[in-house]
Amino acid sequence: MKRLFIALLSCIALVSCDDKDTQPGVYDPNEPEVTPGEPGDKPSNPNNSDLYGTLPILHTEGRWLCDANGNHVNLHGFWQTYTWWFNSGQYNENNWGGKDYEGCVTYNKRIIDGVIASGLKVDFLRMHLDPYWFVRDGRPQKTPVSDYFSESLMKEYFEKVYLPIIKHCNSKGLYVVLRPYPCGEENDQPLKYGDNFFKMLESMWSYFSSHPYIRNNGDVMFELINEPVSIDASADGGDRSKAVSRYMQHFIDLIRYNCKNIIWVPGLTWQQEYNSFVKYPLKGDNLGFAVHCYPGWYGSDAESSTGENGGNMGEGVGGGYEAFQGGWNSSIAAAAELHPIMITEMDWAAAKYNKTWGKSFTGLAGGAGFGANFKYIMDKCGNVSYITFTDPRDLTLYPTESQAGYTNYWNDPECCPWQIYHWYEEYAKGNVQPESADYLKLGLKTTELRLSKGASKEIIVNAIRDNAVFPLQTGVELSSDDASIVRVDGSQVIAVEEGETTITAKALGKEVSVKVVVPHVDYSNLFRVTSDVFDVNICGEGTFDEENRCFTTGQYGFAGWKFDAMDISMHKYIVVKLGDKTDFTGGPSFRLFDQGYYDECYQVDITSTDEVRIPIADMKETIPDKWNGGTIRAFNTKTINIIGFWTFGGKTVQIDKVYFED
């Protein structure tokens, strides 16, 4: 969970335990190291038999989570944690306290029953295995939990707290995903093979995977670690992809020695980075990836940052659908072709409600906002299960709090509870989208769509029913009043010639239209350094001296020009020259964006006042993957929407000229 949670938990008193803890011994941690993706031979365990359970038995087949008949399955759930603060303290309620495990179990069973009674159509619970119950007394604040971990306390309170709730969930038709706590990066230290945290995980997973109720019980799944941030790759030649694959493979092998339960594997960077597992594939059956997704991550729209974007993830309203889809493609899409995905943390709401970790709004798929774009991208990917990280106590209040006319957190359509309740209801019926709508809305940021000649735009149609937003994946008919100006190809509209026309979308017995303008573009005068077109605040707050053609950006900021999906593919070069007043200690680079500012871009560093001539044909190749090596995707020179300069901030850049050359 999040750093705020860690800080709060560190203040909670913990009971003492003087016994000497030992490892369970069902798996040898000193096994010979193997190449990632190539686990060594393990002795067969007579207890590792076929899966059983009271719920439908699930397994993975390639990228899919499947039932016994091979039908594709996506789960939709919520979460619980079992500390006094999150069950009572933050609400000033006296639900239970201290080590009153019976009170804890009673309270949390009541919350589970309340969520189900609220009408939320859930089929799994993510269960947080809190250090509140597993750690010896006397741990100083900010000291790693693993230094005070007690195996005997873990066993005692797993039986007293967790096992009764697991059984209760299963009896209510809920799968359970067990997730160890705390965050993999303890006390700002990266994951490291063989350290105390590693040994703590070995102890926990050895015990859970061999537990008589858990072992091969398909009703219970495993999420290996919560939000690992980075990893010590010194033993792997600095190859962090190899290191994380080897680390996770170790625990997969440990669990597989004992059982066949489904395992959800996290990535680094707070569970945002998965190309490591494409480069070094994991081996084993019943594997999936546990991913986190909050506003501001993967280039999605956010009202404010969560502070966990890892340096390569965008944040801030403005990215919209294109940036979010691009970020998802860059970080997750390749891994989603290998194994199913489970989003084990996700929420959004306006900051004014002070209710969610993610701060954003629902918006419309294809336009601005997080929620609707999230649903569209997940449904389009097809093999994504997900959770609402809404406080489970708040979920129990939904039936009463959501009645007062779209005025609060529970009934504001721009917050996650209202949308999630409606989305989960359709999923439970077997529908990704509804069978009817009150009206349709196009996923556009403006009331008029402008495209330069040769450019294209994906039109996403949103069905609105009872103020819930359902991005439509199928059943949409697009047409153009004048195909000689704008033609339709599936969900894409393509600007053919200068002029104006209307695009109409029909679906679910409703229709909606938009005017499309293909303006004349004067390529010789695009890059005017004047206040009417040059924007110093595309990212960060900058300054602009129009007379001298000089500007500064904010810290790690960006200044430049915005366009309507401009096609530059017909040009041979784009030429850039900076003036003598430029301070090159600011690290200026010239960047072009084909999807959105928070997506990956084509970049050229500028280190002198020498003229830089960039071949546009070279841009069509690929964008490099700065985290894992190799490449991410092809760059589209027909949909350029931002061009300009990035700097560290606060240093003067003087523009001499920017122009196309043929």
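Two strands pair if DSSP finds at least two bridges between them. Strands (E, at least two residues) and helices (H or I, at least four) are DSSP runs, numbered from the N terminus. The model is predicted: local features need pLDDT of at least 70, side-chain atom pairs count only at pLDDT 80 or more, and totals for chains, interfaces and linings use all residues. Residues are numbered from 1 along each chain as its sequence is written, and side-chain values use heavy atoms, with hydrogens and water left out.

**Exercise 1. Work out the five-strand sheet: which strands stand at the edges?**

Step 1. The order of this open sheet is β21-β24-β31-β26-β27. Pairing is antiparallel.

Step 2. β21 (535-539) and β27 (602-605) stand at the edges. Each has a single partner strand, so one side of each is left without a neighbour in the sheet.

Step 3. From one strand to the next, the twist averages 30°.

Step 4. Take one pair. β26 (residues 589-593) joins β27 in the antiparallel sense over four bridges. Phe 590 has Val 604 of β27 as its bridge partner.

**Exercise 2. Classify the ring pair of Phe 527 and Trp 561.**

Step 1. Rings of Phe, Tyr and Trp (its six-membered ring) pair if their centres lie within 6.5 Å; planes under 30 degrees apart count as stacked, over 60 as edge-to-face and the rest as tilted. The structure holds 54 aromatic pairs.

Step 2. For Phe 527 and Trp 561, the centres are 5.0 Å apart and the planes stand at 75°, so the pair is edge-to-face.

Step 3. Phe 527 sits in the loop between β20 (510-518) and β21, and Trp 561 in β24 (residues 557-566). The pair therefore ties together parts 34 residues apart in sequence.

**Exercise 3. At what angle do α3 and α4 cross, and which residues make the contact?**

Step 1. Axes are lines fitted to C-alpha atoms, for helices over the stretch in contact; angles run from 0 to 180 degrees between N-to-C directions. The axes of α3 (residues 101-117) and α4 (residues 151-171) come within 10 Å and cross at roughly 20°.

Step 2. The two helices are therefore roughly parallel to each other (angles under 35 degrees count as roughly parallel, over 145 as roughly antiparallel, 65 to 115 as roughly perpendicular and the rest as oblique).

Step 3. Contact means heavy atoms within 4.5 Å. In α3 the contact is made by Tyr 101, Cys 104, Val 105, Asn 108, Lys 109, Ile 112 and Asp 113. In α4 it is made by Tyr 157, Lys 160, Val 161, Pro 164, Ile 165, His 168 and Cys 169.
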